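Student: I am new to this structure. Can we go through it step by step?

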Amino acid sequence: MNVSDAIRLKRAVRKFQDTPLPDDVVNAILNAGRRSQSSKNTQAWKFIAIRDKKILKALSDCGEWAGHIAGAALCIAILTPDPNEKFQIMFDAGQAAAFMQLAAWELGVGSCPASLYQFDKTREILSFPAEWHLRIAVSFGYALEEEKLSAPPRKGGRMTLDEVVHWDKW
């Protein structure tokens with residue numbers, strides 16, 4: 001799969017098979033995040049790769065729309081320095097998430113990002129140091145509805161280029 005196809009065909013997958021991901025697939029996903037670009041090459045992130053079902057369930061309760069984490073084979077929590085320090089921190093975390101999701105899609109693995117809002121609870125669940133912060137995590141797994149992986153893009157699913165692009169000035 002080339003990058004253009006991955007971008008065009010990638011879908012959010014929120015329901016997963018109860019099948020573990022092989023270690024080589026997990027490592028490929030993590031390496032895609034590790035290799036993503038970052039502002040001034042700061043690489044201001046740490047990843048917690050979570051497979052334990054009890055931890056996945058607990059983490060899924062930390063965001064209003066994070067329930068999909070409970071059924072995932074893997075969740076990658078993307079930790080950053082204080083996201084209030086500079087806007088690039090969350091931009092870079094988002095790039096790491098996107099790179100991981102595209103790498104997963106190429107490997108036949110679905111994913112979905114989740115925003116986590118219960119900051120103290122996530123720290124308690126994952127035991128990470130106080131200088132690190134968790135705002136986003138991504139669930140991964142083989143799609144329960146495999147047809148999602150090959151479904152064509154829906155008409156009207158995205159705005160047209162003319163609707164989102166202004167040339168030279170607004």
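Student: Is aspartate 61 buried, partly exposed or exposed?
Tutor: This is a predicted model, and each value is computed from it. Aspartate 61 has a relative accessibility of 37%. Buried means under 20% and exposed means over 50%. The value for aspartate 61 is 37%, so aspartate 61 counts as partly exposed.

Student: Which residue does aspartate 61 meet in a salt bridge?
Tutor: The contact is between side chains, with 3.2 Å from N to O. A salt bridge needs a Lys or Arg nitrogen within 4 Å of a carboxyl oxygen. The partner of aspartate 61 is lysine 57.

Student: What is the relative accessibility of lysine 57?
Tutor: Lysine 57 counts as partly exposed.

Student: How many salt bridges does a search of the whole structure find?
Tutor: One of them joins aspartate 61 and lysine 57. Another joins aspartate 5 and arginine 8. Arginine 51 and aspartate 23 also meet in a salt bridge. The search of the whole structure finds three.

Student: In which helix do aspartate 5 and arginine 8 both lie?
Tutor: Their closest N and O atoms are 3.3 Å apart. Aspartate 5 is partly exposed at 27%, and arginine 8 is partly exposed at 47%. The two residues are three apart, about one turn of the helix. That helix is H1.

Student: How many residues apart in sequence are the parts that arginine 51 and aspartate 23 tie together?
Tutor: The side chains of arginine 51 and aspartate 23 meet at 3.0 Å, N to O. Arginine 51 lies in the loop between strand S1 (46-50) and helix H3 (53-60), and aspartate 23 lies in helix H2, so the pair ties together parts that are 28 residues apart.

Student: What is the relative accessible area of arginine 51?
Tutor: Arginine 51 takes part in a salt bridge with aspartate 23. Arginine 51 is partly exposed, with a relative accessible area of 40%.

Student: Which strand pairs with S4 over seven bridges?
Tutor: Strand S4 spans residues 133-141, and nine of its nine residues are buried. Strand S3 (residues 110-115) pairs with S4 in the antiparallel sense over six bridges. The pairing over seven bridges is antiparallel too, and the strand is S2 (residues 74-80).

Student: Which residue in S4 is the bridge partner of cysteine 75?
Tutor: S2 and S4 pair in the antiparallel sense. On the S3 side, alanine 114 stands opposite alanine 137 in S4. For cysteine 75, the partner in S4 is serine 139.

Student: What is the phi of lysine 40?
Tutor: Lysine 40 lies in the loop between H2 and S1. Lysine 40 is exposed, with a relative accessible area of 69%. Lysine 40 is not a glycine, yet its phi is positive, at about 55°.

Student: Where is serine 127 found?
Tutor: Serine 127 also has a positive phi of about 55° and is not a glycine. At 62% relative accessibility, serine 127 counts as exposed. Serine 127 is found in the loop between helix H5 (119-126) and S4.

How values were computed. Residues are numbered from 1 along each chain as its sequence is written. This is a predicted model: local features need pLDDT of at least 70, side-chain atom pairs count only at pLDDT 80 or more; totals for chains, interfaces and linings use all residues. Side-chain values use heavy atoms; hydrogens and water are left out. Buried means under 20% relative accessible area, exposed over 50%, partly exposed in between (1.4 Å probe, protein chains only). Helices (H or I, at least four residues) and strands (E, at least two) are DSSP runs, numbered from the N terminus. Two strands pair if DSSP finds at least two bridges between them.
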